[in-house]
Amino acid sequence: MIIDTLYWSCIEDLCQHPKVRMMKKYKHHKDLSCLEHSLRVSFLSYMLCKSLNLDYRAAARGGLLHDFFLYEWKTEKCELGLHGFYHPQIAFQNAEKYFEISILEKDIILKHMFPLTILPPKYKESMIICMVDKYCATVEYVRCLKKPFQFQEKTCIIDKE
């Protein structure tokens, strides 16, 4: 299934950035890269927000950048403390460094690990990313999704078997 062009237009500039492409080299859940996981969260959140007449663009972008921490979390120590608690702050700092981030996207990135982040998401879109992230992580760990997203130059594709 080819992901729709409206979704691609929401994230195209992010996907073409070399730092976002670096997410391919970091393993995240099981054999998936951080980029593959983030694309799943981004696309599913985009679809949900679009169907609910919410800000699907912010959901797509925030979902893609929610784990933009750029280190191998299983083998490298997080400079601030435990990865689960602090990687949202690192992801936000990276996102803010390379992109213009809206208030909604900031809330999405910083609060996607609720309840570990203590403060709950402020917006519906943030709560959707929080739940979709947990759903995707669970599915990825139990290997229900057989093939990850394939990251390509101008399209993002999901393979079905």
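At 5% relative accessibility, Glu105 is buried, a word that here stands for under 20% relative accessible area, with exposed meaning over 50% and partly exposed lying in between (1.4 Å probe, protein chains only). The model is a predicted one, in which local features need pLDDT of at least 70 and side-chain atom pairs count only at pLDDT 80 or more, while totals for chains, interfaces and linings use all residues. Residues are numbered from 1 along each chain as its sequence is written, and side-chain values use heavy atoms, leaving out hydrogens and water.

Glu105 forms a salt bridge with Arg61, and their closest N and O atoms are 3.4 Å apart; the term salt bridge means a side-chain nitrogen of Lys or Arg within 4 Å of a carboxyl oxygen of Asp or Glu. This pair joins distant parts of the chain, since Glu105 lies in helix α6 (residues 103–111) and Arg61 in helix α4, 44 residues apart; helices (H or I, at least four residues) and strands (E, at least two) are DSSP runs, numbered from the N terminus.

Arg61, which is buried at 6% relative accessible area, also forms a salt bridge with Asp13, where the closest N and O atoms are 2.7 Å apart. Asp13, by contrast, is partly exposed, with a relative accessible area of 40%.

Another salt bridge joins the side chains of Asp107 and Lys111 (2.7 Å, N to O). These two residues are four apart in helix α6, and are therefore separated by about one helical turn. Asp107 is buried at 7% relative accessible area, and Lys111 also counts as buried, at 16%.
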